[in-house]
Each structure stands twice: as C-alpha cells, then as structure tokens.
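Hi,

Here is the structure I promised to pass on. Have a look at it first, and then read my notes below.

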Amino acid sequence: MKKLFFLVSMLFGFIVTSNSCNNATSPNNDNSPLSKTVTTDETESNKRSNTKIQVAILLDTSNSMDGLIEQAKSRLWNIVNTLTTLKYRGQTPIIEIALYEYGNDNITADDYVRQITPLTNDLDLISEKLFGLTTNGGLELCAAVIAKATKNLQWGNNEDDIKLIYIAGNEEFNQGSFSYKTAINNALEKGIYINTIYCGNPEAGIRELWADAAKRGKGKYFNINHNAKVRYIATPYDDRINSCNIKLNDTYIPYGSSGARYKANQSRQDMNAKSMSSANSVERSVSKTKAIYKNDSWDMVDKVKEDKDALKKIKKEDLPTELQTKSTEEIQKIIAEKQKERDSLQKEIAELAKKRQAYIDDEMKKEPADEKDFGAAINNSIIELAKTKGYTVEK
C-alpha cells in the first residue's frame, strides 16, 4: 500500500496546468513575478531519473577522413534529437556525449589519441569542438582509443544505463601492440558496448576486423560511404522554426565571468549548424527545446529554474551590467518574463517540429534515402539497443 500511495502521489505531483500560448509575448494571467507556463518538456525535465544514456564517439581524423568529420557535423543535432525521444519507465534519462579523436599526426603523444570532451551534457561544447577538428595522416590505433575511453571517462554504474562506444574510421582494426580484443573485454566488464563504423565497403570492414570487433563488443557493425553528402529534406516549417530560434536566443541572460562568452558561443554554434545546411540548423533549433539543452552554469533563467534561491547566491558584479542597478524583485520579474517567452517559443518550435517530421516521413516514403551514413548508423543502433533494455521511444 505504501508503494501504491507513493506512486499515486508522484503521479499527481507531476500534473500541471499550463496556459495556452498563441505567441511569444502573450500576457500571463498570473501576475506573480515568478509565474510561468510549464511546457511538456519542462515537465519531463522534472521527471528526470538518474538513469543515463552515455555515448562516446571516437573519430578517425587521419588524412582520408574529412568526409567522416563533415557527416558528424551534419548529423550531431539529429543524433541528439533521437536520444531525446528515449524514456525509461516514463522518465527522461540523463544524456551525456563524449568525443575522442585518434590517428592524427598532430597528436604527438599518447598513441595518437586525444580526448576532445569528457562525457558531458554541454551540447554547445560538443558542437564547438566537433567543428574545430582537422585531419592529418597518422597511425590509427583502435585498441588504444577504446582503452582510453573506457578507462578515462566517468561511466555510470546503474545497470539500466545505456553505455555505448562508436568508433569510426578505416584501416586494420588490430594496429598497434595493444590487443583490441583485450580493450573490448575491458569495456564489456563496465557494461560498455562497442559499435564500429567502417568507412568503406563492407567486405573490407570484415577483412580488416571491424565486424569482428563489433561482434566481440556486443554492438553493431556498419559500413558507410563517408564521402557521401547527407541528404536533407526542406519543409514548409523550416523558416518559422529558425525564426523562433533567433527569438529564443534573446531569452538567455548570461551571468558570471564566462557568461557572455558562453552566450556568444551559443550563437556561433547556431551559425556552425547553419553552415552545413538549413535543415541541420532546424535540427539544432529543435534540440534547444529539449530538457537536455540546459545552461544553468551561465544562463540566469535556467539557473533560477534549477534553484529558486539562485539570485541570493549570484554576486552583484556577476550580473549583466544592465541588471546590476535593479532590485531583486525587478530581476525576478525580468527572469519570469524571459522564462515565459522561452516556454512559448519552445512550445511553438516543438509543435512545428512534429509537423516537420511528418512531412519528412511522407517524403521519405516517396523516395527512400540511403541509410548508410554516420548519423543513421548511430540512431538506428541506439533505438534498437534501448528497446532491448526496456526503454520506450516517444515521438
């Protein structure tokens, strides 16, 4: 009975009443300075569990891999959006991504392996570092990069976590003195599955042991044409989504010594996404409506949402110049207005995104795309594994 009462209490605790927002500046019926409309995704963020989905992406950045890097840039936000569809027992898992590069002569030590980012939910950082990658010929030591990612990243210890390594590249998988079989066994001991993405034809990937590595790692083996351009489908909703995103950026209020820098980086990553294609820019805009896109380390709106007493802890000198002369009540009102505007914009983008995806699905039926690209490999295998572990997919 106690468990039943607890579950019922939890259920009613998450029932919220939200006002309908027709536009970003519509007035709130509640005049309290901290009142706001609660969006569906915010509700999900309040239901976040300690379960994690952790994905480490290991990219070969030797001379022949420029196309692979371009595909990764083009598909980052689509991968993020796929991850955000996964729920575990109705709750939103914590999502973390890590980046490594290997096989690059610019990495003069440590087996030509470099950790680009640790496991993090700082999506702007992931984008920034990904767009900063360059290629240069080197020795591709697959075992070494798997071993370092296994040892050095902070992997979760919950048996319900999804822990995945995706290694992409070409050349023989068994290069170097360290055995790839040992590296994979060490990963499996931590519950980490190894997926391999061979950049070339499938026969070569089998011959060069990429298929064997995936089999041993309880993961999936893929081969892709890494030089192929990612196919995008333009939709009637793209322009409006990107227009909403511009307004969305204006709802962020930086604080702290690095706040302005992080806000500027937010805009730079918008431009990076747009440099790949308009459709890729839309994917990023959609990602920014999700619970995973959280910036409480530099944005006052997210910080107050996370901690209602945050304003008491932020020093006056760490506030934006225009807020330093205002009272706490005035600042609270400004933050509440920005939160309300953000909620409305995120809701509109989310609704447009559903229509956009339906349009894309219809177009794909007319002319199915070649699913052998970097993003498709990751998306399809994550969904497949998640279902086997009891996760559900919510559109």
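Let's start with Q266: leaving aside neighbours within four places in sequence, Q266 is in contact (heavy atoms within 4.5 Å) with D124, N249, Y252, R284, K288, Y293 and W298. Q266 sits in helix α10, residues 259–276. Is Q266 buried or exposed? Its relative accessible area is 0%, so Q266 is buried. For these words, buried means under 20% relative accessible area, exposed means over 50%, and partly exposed is in between, with a 1.4 Å probe and protein chains only. Helices (H or I, at least four residues) and strands (E, at least two) are DSSP runs, numbered from the N terminus.

Before you go further, some housekeeping. This is a predicted model, in which local features need pLDDT of at least 70 and side-chain atom pairs count only at pLDDT 80 or more, while totals for chains, interfaces and linings use all residues. Residues are numbered from 1 along each chain as its sequence is written, and side-chain values use heavy atoms, with hydrogens and water left out.

pLDDT is the predictor's confidence in each residue, from 0 to 100. The chain has a mean pLDDT of 87, and 87% of its residues reach 70 or more. Over residues 1–47, though, pLDDT stays under 50, and the model has 54 contacts beyond four places in sequence for that stretch. Where pLDDT is low, the predicted coordinates should not be read in detail.

Now have a look at helix α6, residues 180–189, where Y180, A183, I184 and A187 are buried. Seen down the axis of α6, these buried residues fall within an arc of 95° (taken from the directions from the helix axis to the C-beta atoms), so they line one face of the helix. There is a handy rule behind this kind of pattern: an α-helix has 3.6 residues a turn, so residues three or four places apart point the same way. What do the buried residues of α6 pack against? They pack against α5 (142–152), β6 (193–199) and α8 (210–216).

Both ends of α6 are worth a click too. At its start, a side-chain oxygen of S179 comes to within 3.1 Å of the backbone nitrogen of K181. Just after α6, G191 has a positive phi of about 75°.

As for α5, eight of its eleven residues are buried. Among them are C142, V145, I146 and K148.

Strand β3 (94–102) is mostly covered as well, with nine of its nine residues buried. In a regular strand the side chains alternate between the two faces of the sheet. On one side of β3 are I94, E96, A98, Y100 and Y102, on the other I95, I97, L99 and E101, and all are buried. Strands pair if DSSP finds at least two bridges between them. β3 pairs with β1 (residues 52–60) in the parallel sense over nine bridges, and I57 stands opposite L99 there. With β4 (residues 113–120), β3 pairs in the antiparallel sense over five bridges; V113 in β4 is the bridge partner of Y102.

Most residues other than glycine have a negative phi. R89, in the loop between β2 and β3, has a positive phi near 50°, and R89 is exposed at 69% relative accessibility. K218, in the loop between α8 and β7, has a positive phi of about 60° and is exposed at 57%.

Cheers

Key:
Polar contact = N/O pair within 3.5 Å; in protein donor to acceptor, adjacent residues only side chain to side chain.
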